[in-house]
Amino acid sequence: MKVGIKQKKINMMAILMAVLVFSTLAVGFSTNGNSSADATKPAKPPKKSTHPWEARQEAAKLRSAEVVPLIKELLPETPSQRRARLGDKVPQIEDIEFSYFLLNNPILEKEEDLYGPVRFMHKKHAGMLNDCFVCHHHRSADLQAPEITRCSACHQTSFNPEVPERIGLLGAHHRQCMGCHKKWNKGPVGCTGCHPKNVPSHKELVKLTANPSPTDVTKECLRCHDVQGDEMLTSTHWLWKGPSEFTEGSEKRVDMGKATVTINNFLVHLASNWPQCTSCHAGYGWKEADFDFTDKTKIDCLICHDTTNSYKKAPLGAGMPDPDVDLFDVARNVGKPNRKTCGECHFAGGPGEPIKHGKLNPFLDFHSTSCDVHMGGLDLQCHDCHKTRNHKISGRSLALPVAEGSRTCEDCHTPVPHQGKALLNHHLNRHSEHISCTTCHNPVYAKCGPVKTFWDWSTAGDKSRRPKKDEHGNPDYMWETGEQIWQEKIKPVYAWYNGKAKRHVLGDKVNNEGVTILTEPTGDIKDPNSKIYPFKVMGGRQAADAKHNYLLVPHLAGPDGYWETLDWEKTFSLGMDAAKLPYSGQYKWVDTVMYLSLNHEVLPKQFALSCVQCHPSLRTERSCGQCHMDKRGLNFKNLAFSNIDFKFLHTREPDTQKRVQSTDYIDFKQLGYKCDPITFGGRFKQLPLGWHSVSAEKNE
Amino acid sequence: MKISRRRFIGLTGTMVGGALLGKPAKSGAEYKPKTPPDPFGCLVDLTVCVGCRKCEQACNQVNHLPSPRVSFEDPRVFEQRRRPDVGAFTVINRYYGGKRDERNQLHPTFVKVQCMHCQDPGCVSACIVGAMTKKDNGATHYNASKCIGCRYCMVACPFQIPAYEYHDPLFPRVRKCTFCYERISKEGGKPGCAAICPVESITFGKRRQILELARHKIKNDPGRYVDKIYGEHEVGGTSWLYISGDSFEKLGFLDLPTRPIPYLSETIQHGLFNYLWAPLTLFGILGAVVAVINRQQNRSSSESVQEGHQPDQDTQDTAGLQEKPDSSKREEKL
């Protein structure tokens, strides 16, 4: 145990040191950014704050290190006696002080380090059970002591001869969690369902000589992890194609993906552009169409399992690592993937910079709740949500058809996420049936860094044009890619979405009358499975075959590519050859649009939209009071304005100032409603005393 | 006095048999088991175990055993019953006692198998060189440096626990659970398996105390447990105790007598060597027989010298002719 505490201290020291180093780095970073205005895009880390919810993970770590004195005497009473004794004072969910715990305590002796501590959503569990006494099953015999105490007050070291029938903290946690999860058939019962798995040190295990080749490393990995190699061979990160069960009309197809038919309005398509595109492939040497997808030794294990943060791929290397990387060192320090390894590719989509995704960018790696509550505030890693089994990573996207399982907010937060008995929570939970969590909890995207929202290929190729820079230092023009628009803190586009998508694939006819939609959420106001979701809409102008009426694949990088020849004819002819589609020799420019989902950058309730942001009817004098009787001490007006509007976000993110006090956040008419559903009725029901019913009475 | 061969064998047999049958009954009442005064013990609550096999893993690490062929996370090992062997000092087996849960699924019971660390172990008694000893803290301890590899301990163990390193031609050892002797000898030390058990299915403590705990558990929740503590009395009591919700016969537990294993063997042996009566009797009888024979021999040889009789019996023997001097001759040959 002493060793344990020492380790904790060392850990805490390390954290403090890290924070110090980070803050000094941050200062250095911002000064750099100011001094060199010409730098393309200085990564400006968000401001550090000392708000109580800011570093919840750090606070939880400190809490978990506390050891409280053991309660030896328990009050002998049955649950009903306890209720009778307490009467009105039975603890409620509103009494919860801490909603999040890290189940780690010096008492939990380090007999093994196979697993990391459990992140425990205390309030969530309390809300589900609605009975504190299920877990807090006993209290101290000392009636002056608080009614509810923490687990470790009663359960400490195992096999304590003073209280022989009391189980230790380790057993108490496991029995309580697993017992309940089993009984209700809810929640995980396996080890990795709750715990992150710790990877043993590979320093001694990896037997490599210095300067190994990339395939040597993979062979060494496969020496023990052959099964995992087989798993990778069938994964979408290796094949770049797979089951597309969420694509409308292609539910049974398994051949769709980046490698085959997917087309977008960024760098368009993979064919003929392999060495550039496949520098994000989890493999080595996909230079040509005939890459051997059955060769396990070509798998790049290190791109995901690097922990040194030194591994990177060569920009045009077809997936080969950068020659400067010390593969020997990286291989000896493999571990679990983290935000940085995933971000190596996923933060760089479209390409290189955080261009593509409205939601994923390197800022997610900073500790800031105002960028993202999960990764920023709670330090979650990607795989904490995107549960991975057999190297198949769950999650779906609008940009790509492949999906190896689905992840939704409800998986963790339940379909009734707003806990508590207050009326507001009731209303918010009713909202959850019709709108997604992110609609309110992700009111603006690209919060902490700009993304591209428009890309015009037709203007590319003018090397003499001088690009103008916007206030964030992003150029409006690049000769390689043409005109572009960068935006930050963007209001999303809202649409009905039932989880499926319509997809324009290679060879589909373009819309000659207007904009061609490449990916589009499906859903309808009358579809009960649909909810209102926020989307990033990416506009583009790209080439289509004037005769065949389908989008053209440009051959961009490499010899004879567009960036060498600046010759569109040749570019398309080579590109379409590789894509195995005929090219008529004539091209035209067409407008395209892609909907991209916004599931990250989720904000806590302090930043979520307030009621009035979307419901103008609540701004009137008699708002909630139309249905509810006025109660002394309850100000409906305040309630409607509660939660946070942009005033608060504005204090942290100045760019959101123009949205302060706005009430038109959701365009109800565009979504199919008559107007504000409070007065005109919802999609399936009407409020009994809404404006509509009042007017109906009047008519009668 | 003349004594025939048949009579001699009969007489000796009666005497030895009498000694064997008569003595234990007499000295049995005096048998004192070598139970340590206040040993440690472990209580395994089979109603709690979830079969995670973390104990197997911890055992493997603590004892520096070779890594297993099948990973510790692979539940497929439950498909067959396993026994502890040289690579695993403890194993978990899965049994279906017949109980069904709320969703009508057969409810498994996981049974941890390891050396029971008998209070008065048969292996210790059987070991002829003292390589097996019963320690005061409850561990049945094996000392490889003393072991000569006779494997009597394996024969003597009623639970068939000790395993032998047959694969090692030079220095094979007997392998079995050590009760983490070194660990529990330290203040506050626990066996590896008990320390890691995530649901605390294993309770470690003084045997006296955990026996009380077991009784307390059964008394407080009689519906959950069968009213038996396995190991309380079996073979004179074991350091590892089990309580269960299913009858122990269904879970592969042996129905063993309550008297310690050394009871029979040691009482026979000790009875035989009490005051050295058995060897004294045996050698006394033998001496007497030799004396009688010698006397007879002396007499017959003096007679034959007197009568000038030639000892030439072979042809007469084969012809089936039998006379008294012949039989005396034959006894002489014997």
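With which residue does B:Glu165 form a salt bridge?

Analyst: The model is a predicted one. B:Glu165 forms its salt bridge with B:Arg175, and the closest N and O atoms of the two are 3.4 Å apart. B:Glu165 lies in the loop between strand E6 (163-164) and strand E7 (174-175) of chain B, while B:Arg175 belongs to strand E7 itself, so the pair ties together parts that are ten residues apart in sequence. Both B:Glu165 and B:Arg175 are buried; the word applies because a residue counts as buried under 20% relative accessible area. The general idea behind such pairs is that side chains of opposite charge can pair when their charged atoms come close.

The pair may now be set beside others. Over all chains, a search of the whole structure finds 38 salt bridges. One of them joins A:Arg541 to A:Asp456, with the closest N and O atoms 3.1 Å apart. This pair links distant parts of the chain: A:Arg541 stands in strand E11 (residues 531-545) of chain A and A:Asp456 in strand E5 (residues 451-456) of chain A, 85 residues apart. Its two partners can be described by their accessibility. A:Asp456 is buried, with a relative accessible area of 2%, whereas A:Arg541 counts as partly exposed at 29%.

A further salt bridge in chain A is formed by the side chains of A:Glu520 and A:Lys502, at 3.9 Å from N to O. Here A:Glu520 comes from strand E10 (residues 516-521) of chain A and A:Lys502 from strand E9 (residues 501-503) of chain A, and the pair links distant parts of the chain, 18 residues apart. A:Glu520 is partly exposed, with a relative accessible area of 24%, and A:Lys502 is partly exposed as well, with 41%.

The chain that holds these last two pairs may be described as a whole. Chain A contains 26 helices and twelve strands. Of its 700 residues, 46% count as buried. Among contacts in chain A between residues at least 6 apart in sequence, 71% join residues at least 24 apart. The accessible surface of chain A comes to about 35,300 Å², and 57% of this belongs to carbon and sulfur atoms.

The next topic is the contact between the two chains. It takes 22 residues from chain B and 23 residues from chain A. Together, chain B and chain A bury about 1,900 Å² between them, with 55% of it on carbon and sulfur atoms. B:Arg103, B:Lys190 and B:Glu200 supply 28% of the area that chain B buries against chain A, more than any other three residues. Across this interface the rule finds one salt bridge. A:Lys197 and B:Glu73 form a salt bridge, their closest N and O atoms being 3.1 Å apart. Nine residue pairs are in polar contact between chain B and chain A. On the side of chain B that touches chain A, the elements that give two or more residues are helix H2 (54-62), helix H6 (192-196), strand E8 (202-206) and helix H7 (207-220) of chain B.

Chain B also has a surface feature of another kind. B:Ile128, B:Val129, B:Ile148 and B:Tyr152 form a nonpolar patch on the surface, with about 390 Å² of accessible area together. B:Tyr152 is placed in helix H4 (residues 152-156) of chain B. This residue is partly exposed, with a relative accessible area of 44%. It can belong to a patch because patches are made of residues with over 30% relative accessible area.

Finally, two residues of chain A deserve attention for their backbone angles. As background, most residues other than glycine have a negative phi. A:Asn211 has a positive phi of about 50 degrees although it is not a glycine. A:Asn211 lies in the loop between helix H7 (191-194) and helix H8 (214-224) of chain A and is exposed, with a relative accessible area of 71%. Phi of A:Thr414, also a residue other than glycine, is positive and near 65 degrees. A:Thr414 is found in the loop between helix H17 (409-413) and helix H18 (423-431) of chain A, but A:Thr414 is buried, with a relative accessible area of 11%.

How values were computed
Residues numbered from 1 in each chain as written. Chains lettered and ligands numbered in written order. Predicted model: local features only at pLDDT ≥ 70, side-chain atom pairs only at ≥ 80, totals over all residues. Heavy atoms only, no water. Patch = residues over 30% accessible without salt bridge, like charges linked within 9 Å, V, L, I, M, F, W, Y side chains within 5 Å. Areas by Shrake-Rupley, 256 points an atom, 1.4 Å probe, with all protein chains shown as cover. Salt bridge = Lys/Arg side-chain N within 4 Å of Asp/Glu carboxyl O. Helix = DSSP H or I, 4+ residues; strand = E, 2+ residues; numbered from the N terminus. Buried < 20%, exposed > 50% of the residue type's maximum accessible area, 1.4 Å probe, protein only. Contact = heavy atoms within 4.5 Å. Buried area = accessible area lost by both parts, 1.4 Å probe. Polar contact = N/O pair within 3.5 Å; in protein donor to acceptor, adjacent residues only side chain to side chain.
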